[in-house]
Structures are given as structure tokens and as C-alpha cells.
Amino acid sequence: MKIRMGTRKDIPALAKLISSLAPWADYGINDERAKKILLNMPDKIYVAEKEGELAGFITVRRNGMGEFGAYLRMSAVKESFQKQGSGKALLEHAIRVVKPYARSVFCVCHVENKEACAFVEAFGFSQVGIMQDLYQKGYDEVLYRKQLR
Ligand SMILES: CC(C)(COP(=O)(O)OP(=O)(O)OC[C@H]1O[C@@H](n2cnc3c(N)ncnc32)[C@H](O)[C@@H]1OP(=O)(O)O)[C@@H](O)C(=O)NCCC(=O)NCCS
């Protein structure tokens, strides 16, 4: 597997991936909205490729939480590539990238996205708290933090 920096050319494939997965589809994020989010985001995007095919991605903003640390806004792996180590490789890469600049790294998972919550907890992220109605009424999100140094 290879991890590389994402480019504008990746945006259509990334938008398709985002809009096909529950956390974003449940918020009504379709292909067009996903493209706009990706294009307007200051975050860096890292892409995982397996056998030349885009397997997944992670977004990294090294000062995304201001003086508190870095923020990983989105991470996703195509269903056909899940549970084969791509998510782990992407998250490890993101942590390596932000570690020199941030004492902590944060991310957010929907409370009912048990797979993603288990995934980040397996990496030593701990719950800071539940943020009620964060993006939409009735949708609560868990704020996670991992201390890096
Ligand atoms: C969450 C997600 C990115 C994980 O990617 P993945 O490539 O399937 O994960 P990996 O195969 O690299 O797993 C890495 C580790 O995470 C843990 N993990 C992964 N999925 C898990 C699950 N369903 N339950 C418990 N632990 C899990 C395991 O500890 C695993 O380590 P192992 O190799 O010792 O088993 C992927 O499932 C996904 O894209 N989900 C949909 C989008 C999403 O919810 N994104 C996060 C919200 S921003």
C-alpha cells in the first residue's frame, strides 16, 4: 500500500466515496456537497492506494484546534478495502505528520458510528465528551483526543 498527498484530481473519487458512506450520507451529503467541502477545506488530504486503486483517505489540519492541537476531520476507506489495514496506515501517517507541531490530535465520530469509535479508541484516542446536536438536531457526536507528547 502507498500513502501519498491527495490532489485536485482525486476530488471526484473522494467525493464519491464520502457520499457513499453512512456518516455523511446520513447528513445528506451527496457527491456535489462532498466536492464543495473538499475543495473549500484548508486541510491536507492523504490518500491510500492499493494496487493502483484509491482505497481511502484522511484529512489533516495540523493547527485545526488552534493552540489545543491538530484536527482530523474526515477519514474513510472504501468498503471493499475495509478491515485490511488501510485505515490504520492512514491514521498512523496523519499522526506522524502532526506530531512535530501538536501535543494533541482531535477527531469527532457520530455516537452511533460504533465502528469508527472502536477504530479511533484502538489507537488510544479517548472521549472528551459528547457534543449534542453538533451538525444537526438529534445527531450527537463524540469529541476524541489523543495526546501525542
Ligand atoms: C473507520 C474506518 C476508516 C476504518 O478503516 P479500516 O481500513 O477498515 O481499518 P483497519 O483495517 O486499518 O483497522 C485498524 C484497526 O482499527 C480497529 N478497528 C477497525 N475496525 C474496527 C471495528 N469495526 N471494530 C473494532 N475495531 C476496529 C482494529 O483494532 C484494527 O486493528 P487490527 O488490525 O488489529 O484488527 C472504515 O471502517 C471506514 O471508512 N468507515 C466508514 C467511514 C467512517 O466512519 N469514517 C470515520 C468517521 S470520520
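Let me start with a working definition: two strands count as paired if DSSP finds at least two bridges between them. Strands here are DSSP runs of E with at least two residues, helices are runs of H or I with at least four residues, and both are numbered from the N terminus.

Okay, ground rules. This is a predicted model, so local features need pLDDT of at least 70 and side-chain atom pairs count only at pLDDT 80 or more, while totals for chains, interfaces and linings use all residues. Residue numbers start from 1 along each chain as its sequence is written.

First, the overall picture. The chain has 5 helices and 8 strands, and from the N terminus the order is β-α-α-α-β-β-β-β-α-β-α-β-β. Its radius of gyration, taken over C-alpha atoms, is 14 Å, close to the 15 Å from the globule rule (2.2 Å times the number of residues to the power 0.38) for 149 residues, so the chain is as compact as a globular protein of that length. The C-alpha trace spans about 35 × 35 × 30 Å along its principal axes.

What does the record say? UniProt, in an unreviewed entry, puts "domain: N-acetyltransferase" at residues 1-149; positions are in the numbering used here, feature names are shortened, and such annotations may be inferred rather than shown by experiment. That span is 31% helix and 30% strand, with its end C-alpha atoms 28 Å apart.

Follow Glu49 for a moment. Glu49 in β2 is the bridge partner of Lys2, and in β3 the partner of Glu49 is Leu54. β2 and β3 (residues 53-60) pair over 7 bridges, and in their hairpin, with 2 residues between the strands, Glu51 takes a positive phi near 45 degrees. Further over, Gly56 has Val77 in β5 as its bridge partner.

Strands β6 (104-110) and β8 (141-147) run antiparallel, joined by 7 bridges, and Ser104 stands opposite Gln147.

Finally, the ligand. Which residues are closest to the ligand? Gln82, Gly87, Lys88, Ala118 and Ala122, out of 20 surrounding residues; a residue is in if its C-beta atom, placed from the backbone, lies within 6 Å. β5 (75-77), α4 (86-98) and α5 (114-122) each supply at least two residues of that shell, with α5 giving the most, 5 residues. By type, the shell has 10 nonpolar, 7 polar and 3 charged residues. Nonpolar here means Ala, Val, Leu, Ile, Met, Phe, Trp, Tyr, Cys and Pro; charged means Asp, Glu, Lys and Arg; the others, Gly among them, are polar.
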